[in-house]
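Hello,

Here is the structure I promised to pass on. My notes follow below it.

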Amino acid sequence: MATSEELHKRRVEAVARGVGSTIPAYVDRAGGGTITDVDGREWIDFAAGIAVTNVGNSAPRVVEAVRAQVERFTHTCFMVAPYESYVAVCEQLNALTPGGFEKRSALFNSGAEAVENAVKIARHATGRPAVVVFDHAYHGRTNLTMALTAKNMPYKHRFGPFAGEVYRVPMSYPLRDGGLDGATAAARSIEMIEKQVGAENVAALLIEPIQGEGGFVVPAQGFLPALREWATAAGVVFVADEIQTGFCRTGDWFACEHEGVQPDLITLAKGIAGGLPLAAVTGRADLMDAVHVGGLGGTYGGNPIACAAALASMETMRELDLAAAARRIGAVMVERLRVIAAGDPRVAEVRGRGAMLAMEIVVPGTLTPDPAATAAISAACHAAGLLTLTCGTYGNVLRFLPPLVISDDELGRGLDILAAAFG
Ligand code: PLZ
């Protein structure tokens, strides 16, 4: 087998430079809480493929379901010749997502595509053009979703012009907004929408209940419910982007449940199918069914192999109670992260929920972001065999997203490496 070094040389000659990788090691296999490269080096996995392999890599049920499906048929296109698994995934999403009202779902390939479709549905159903998004938001890399995403480098730089009718308002970011309470922070955002956009022009308000790429920003309590309430009164479609937070990651099936918020539409992807590409929009039947027949779709959306994997993943989440696992992992991690933070003035805050946790790194005694220190700590983790990711508008947030099937031993070893990297 080629070594990671050899593969890296080939990659540089073959793969576009614009596609980056966190570590220069090439994967041979992965499972549980570890990734092993082609040289036999092992990493503890605190990334889960960016919050995707919540059920773990090659989870037994997923492997079995995919194998069985691939032998029956690989693709017919649901828009041409439909099949049961697509319907079954939609039934399950309708039942699992918050809100006891009647729902419908539609399936797509990527998170960005789900977000694009949620916007299409909201615009079609309301007849209004505007979409409201938040500071630090991340919603994807396609043209519309770049417009919805806040951060310029690396996501938007020189890729414009971007789609129009997108308006950005402040996020509740307790560390950086002076600790505004949720209601006050929401009132600030709502006033801006009403004065600068006009509620009657707004089709959708789109928000990550806990921001992902933007820095694992957890809004103050009450922020999401206040926005939900305003959206209802204003006839605005409340869209929760649960692409990173969904499927047990935060200790509930969906992060919105924490404050009892019921979105009109939810965008889903990542954790839905144990690593196979699948995404969904799930929401109120009246909105979803407003769109004319043929208005939604795509060649691969709800591919039968991905649907089989999704059914197996959701079954695994139920069977192993991965929401409880996320809470347990989170409790173990928070304790260790707080100890690290107490001994290191560069850590401004430990935050997150369940197994979606982060540390924001600053110049000691200030709130000035320190992306260099963040990168150095992250690099030390990688060198010592822990795969961590960074995020945040300022590049100064270390984030932790272990698979929800990580063993206690692997979790402990990962946290030991992290503690030593702060050393
Ligand atoms: N919405 C909340 O987190 C994907 C992107 C990584 P896709 N986040 C990881 C990168 O650098 O490209 C994401 C997300 C939220 C939408 C998306 C987009 O999902 O499946 O990557 O299109």
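A salt bridge here is a side-chain nitrogen of Lys or Arg within 4 Å of a carboxyl oxygen of Asp or Glu. By that rule the side chains of Arg176 and Glu360 form one, at 2.6 Å from N to O.

Before the rest, the ground rules. This is a predicted model, where local features need pLDDT of at least 70 and side-chain atom pairs count only at pLDDT 80 or more, while totals for chains, interfaces and linings use all residues. Residues are numbered from 1 along each chain as its sequence is written, and side-chain values use heavy atoms, with hydrogens and water left out.

Domains
The chain splits into domain 1 (4–58 + 321–422) and domain 2 (62–319). These bounds come from an automatic or database domain assignment. The domain centres, taken over C-alpha atoms, are 25 Å apart.

The interface
Contact (heavy atoms within 4.5 Å) links 40 residues of domain 1 with 36 residues of domain 2. The two domains bury about 3100 Å² between them, and 58% of that is on carbon and sulfur atoms. Buried area is the accessible area (1.4 Å probe) that two parts lose on being put together, summed over both. In domain 1, Val55, Arg353 and Met356 lose the most area to domain 2, together 26% of what that side buries.

Two salt bridges are counted between the domains. The whole structure holds 18. Another of these joins the side chains of Glu5 and Lys9, at 3.8 Å from N to O.

The ligand
Which residues come nearest to the ligand? Of the 15 residues around the ligand, they are Gly111, Ala112, Arg141, Asp241 and Gln244. A residue counts as near if one of its heavy atoms lies within 4 Å of the molecule.

- Arg141: 2.7 Å from an oxygen atom of the ligand.
- Tyr138: 3.2 Å from an oxygen atom of the ligand.
- Lys270: 3.1 Å from a nitrogen atom of the ligand.

Each is listed as a polar contact, a pair of N or O atoms within 3.5 Å; within protein, one must be able to donate a hydrogen and the other to accept it, and residues adjacent in sequence count only if both atoms are side-chain atoms.

Best wishes
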